[in-house]
Amino acid sequence: MVSEAGTGTMTAQILDGKAASAAIKDELAERVAALKARGVTPGIATVLVGADPASQLYVGMKHKRSEAIGMNSIQRELPADATQEQVEALIDELNADESCHGYIVQLPLPKHLDTDAILERIDPAKDADGLHPTNLGRLVLNVNGPIETPLPCTPRGVIELLLRNDYDLAGKHVVVVGRGVTIGRSMGLLLTRRQVNATVTLTHTGTVDMAHHLKQADVIVAAAGVKHIVKPEHVKPGAAVLDVGVTREDDPETGKQKVYGDVDPGVREVAGFLSPNPGGVGPMTVALLMTNVVETAERQAGIA
Ligand SMILES: Nc1nc(=O)c2c([nH]1)NC[C@@H]1CN(c3ccc(C(=O)N[C@@H](CCC(=O)O)C(=O)O)cc3)C=[N+]21
């Protein structure tokens, strides 16, 4: 493992999320085939309200990749001015639909809708994001045993990406930046399970002296959604840095929208391992979303 804290520059080993997610997809394709042999085609659905171009891109990607591994994909759309009742009726429909083993409601939803009420209406067994209060509650309660419910997919993707690069998290100090439910808060829950055994510092906008905390980290998970918040001087030489944040801005040179991560490009010269953005955790999120749905179908089919 590379971790020389030398004085010269080093270039981080890239944690390639495309490669790791491709490996997961190959494994899933076999599991899907095994399910189909038993007469079950795992089905994934997405609910998209409104026509935000970024959301359309993400949803399109999820369907393309699910179909590529033999899953059934169900794409449901409602107009941006859909009512709470209309969205909830669609949730009820998917909860009852036996061909749909798991689904997500693409976030963010238009502001007039009550997001929490919609997410809580999802059948916890079909919660492909792993973010239903029942599933988060079970994760909090069950720190040791096997988990029979979907797990939050982006945090799970972060851990899988490290494991598939032979990075052992046991005993490591992980500093998470951001306390959002989708990543930061649930990341801490997964990392401190006995099976992973990392030590976690969860930092956020109220944290005093962020630089001090970052400098202690063996692993940084940057999920604040603030462009380039993690600078080279914050990183202990050799540390693993995973860039999960997404900020969309116009590129001053091209005038086109560009995705910026939470990690300054200069970090590459200090870190031992770097999960870039794009090309890192994003593709892992999609792979683990599909994993959650395949696992739900397997549970239903009685496959351990
Ligand atoms: N209920 C819900 N569940 C989600 O999982 C969810 C969501 N809502 N809302 C939006 C975010 C965002 N998200 C991404 C998924 C894949 C990439 C991904 O694969 N990105 C590629 C690049 C894609 C591009 O060209 O922008 C990459 O990082 O290499 C990124 C972001 C899931 N989200």
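1. How many nonpolar, polar and charged residues does the shell around the ligand have? By class, there are nine nonpolar, five polar and one charged. Here Ala, Val, Leu, Ile, Met, Phe, Trp, Tyr, Cys and Pro count as nonpolar, Asp, Glu, Lys and Arg as charged, and the others, Gly among them, as polar.

2. The model is predicted: local features need pLDDT of at least 70, side-chain atom pairs count only at pLDDT 80 or more, and totals for chains, interfaces and linings use all residues. Residues are numbered from 1 along each chain as its sequence is written.

3. The domain assignment, which is automatic or taken from a database, gives domain 1 (42–123) and domain 2 (152–282). Their C-alpha centres lie 27 Å apart. Both domains give residues to the shell around the ligand, so the ligand shell lies between them.

4. The ligand is surrounded by 15 residues, of which the closest are I104, L107, P278, G282 and T285. A residue is near a molecule if its C-beta atom, placed from the backbone, lies within 6 Å of it. At least two shell residues come from each of α2 (53–68), β4 (102–105) and α9 (281–301), and α9 supplies the largest share, four residues. Helices (H or I, at least four residues) and strands (E, at least two) are DSSP runs, numbered from the N terminus.

5. The largest nonpolar core has 75 residues, and I220, V221, A222, V241, L242, A271 and M290 touch the most other members. Helix α9 gives the most to this core, with ten residues. Domain 1 and domain 2 both contribute residues, so the core lies between them. Such a core is a set of buried Ala, Val, Leu, Ile, Met, Phe, Trp, Tyr and Cys residues joined through C-beta atoms within 7 Å.

6. The unreviewed UniProt entry lists G178, R179, G180 and V246 under "binding site"; such annotations may be inferred rather than shown by experiment. R179 is placed in the loop between β5 (173–177) and α7 (181–191), and V246 in the loop between β8 (240–243) and β9 (247–250).

7. Are these two residues buried or partly exposed? R179 is partly exposed, with 19 other C-beta atoms within 10 Å, and V246 is partly exposed with 17. A residue is buried if 20 or more other C-beta atoms lie within 10 Å of its own, exposed if 12 or fewer, and partly exposed in between.

8. Leaving aside neighbours within four places in sequence, V246 is in contact (C-beta atoms, placed from the backbone, within 7 Å) with G225, V259 and N277.

Terms used
Two residues are in contact if their C-beta atoms, placed from the backbone, lie within 7 Å.
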